Amino acid sequence: MSTASNETAKPKIIFYTYHDCPWAHRVHIALHALGLEYEEVIIDLDRPRDEWYLKINPRGVVPTLSYNGAIISESAIIATFLADAHPGTLLPPSTAPSGALTRARISFFVDAYVNKVLPLGRKLQHLIFDSAPAAEISATTTAVVDAFAKEIEPLLDGSKEGYPVADPFFLGSLQITLAEVLTGPFLLRLLDFSKPSIGLLPQGLATAIAQRIPAFHAWAQRVVKEKSVNYIWDAERAAKKTNVKIEAKKAAGQ
C-alpha cells in the first residue's frame with residue numbers, strides 16, 4: 001500500500017485565532033478560500049495569555065498556525081505560506097509566466113493599503129473615540145479619502161500602467177487573490193463601521209468613498225460579499241466590543 005507524500009496528504013492544521021482581530025481574520029479568509037480544513041482554537045485577547053499558549057507563541061498574539069507541527073506566526077506570512085503550499089488563484093508561483101510580477105504587484109498594493117491608508121483610518125477612529133472637534137474629524141476624513149484616491153484607486157481603475165481594472169477582483173482576477181485576503185478584514189470594518197446603525201466611523205466617509213473613488217468602492221463591495229471574506233464576521237458584535245473598550249477608556253480618564 002502506498003503512502004501519500006507530504007505534498008499531497010491532507011495537512012494537519014491548528015489555527016489559534018480570535019474572531020474580532022482583523023489580522024487573524026486574514027488567515028480565516030485564506031483557509032476558506034483554499035478549502036482547507038483546520039482545528040480552531042480561540043485565544044481570548046481580552047485576558048492574559050495562558051502559559052501553554054505562550055509556549056507556542058511567546059509574543060502571545062494571534063494569529064498562529066500549526067501546520068503539520070510547524071509553528072508559523074504573523075498574518076501576512078501565514079497567508080502567503082498557505083497560498084504557496086496550496087497553489088491556486090490566490091497567488092501564482094514566482095516561476096509561472098508573469099508570476100513574479102503579479103506577486104510584486106499584489107505586495108505593492110497591500111503595502112500601500114496597510115502603510116499609506118490604514119494609519120490614517122486608525123487616526124480617524126481614535127479621534128472619534130476621543131470626541132475630537134468636528135473640524136478635526138472632518139479634515140482627517142478627507143485625508144483618508146485623499147490617501148485612497150492617491151495610493152489605491154489608480155491600482156484598481158486601470159489608470160496605472162500594468163494594473164488592469166480590478167473587475168471583479170485585483171488585476172482582473174475572476175476569484176479573490178492574496179490582495180483581497182490581506183485587505184478584506186479592513187474593508188469590512190471600513191464599510192460596516194461607517195453605517196448609520198453602527199456609527200464608529202463618520203457617515204460622510206462612505207459617501208465620499210462612493211463619490212470620489214468609484215473603482216475602490218465597487219471593488220470593496222464585491223470583496224465583502226465573498227463568503228471567504230465574511231463568514232466569521234459579525235459587525236454588531238465587533239461594534240459592541242469596540243464600544244465597550246471606548247467606554248472603559250473614558251471611565252479610566254485616558
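Reply: A salt bridge is taken here as a side-chain nitrogen of Lys or Arg within 4 Å of a carboxyl oxygen of Asp or Glu. By this rule, 3 salt bridges cross the interface of domain 1 and domain 2. The side chains of Arg237 and Asp20 meet in a salt bridge, at 2.9 Å from N to O.

The model is predicted: local features need pLDDT of at least 70, side-chain atom pairs count only at pLDDT 80 or more, and totals for chains, interfaces and linings use all residues. Residues are numbered from 1 along each chain as its sequence is written, and side-chain values use heavy atoms, with hydrogens and water left out.

The domain assignment, an automatic or database one, gives domain 1 as 13–85 and domain 2 as 99–252. Their centres, taken over C-alpha atoms, are separated by 23 Å. The contact (heavy atoms within 4.5 Å) takes 19 residues from domain 1 and 24 residues from domain 2.

Between domain 1 and domain 2, about 1900 Å² is buried, and carbon and sulfur atoms give 60% of that area. Buried area is the accessible area (1.4 Å probe) that two parts lose on being put together, summed over both. In domain 1, the most area is lost to domain 2 by Asp20, Arg26 and Ile29, together 32% of what that side buries.
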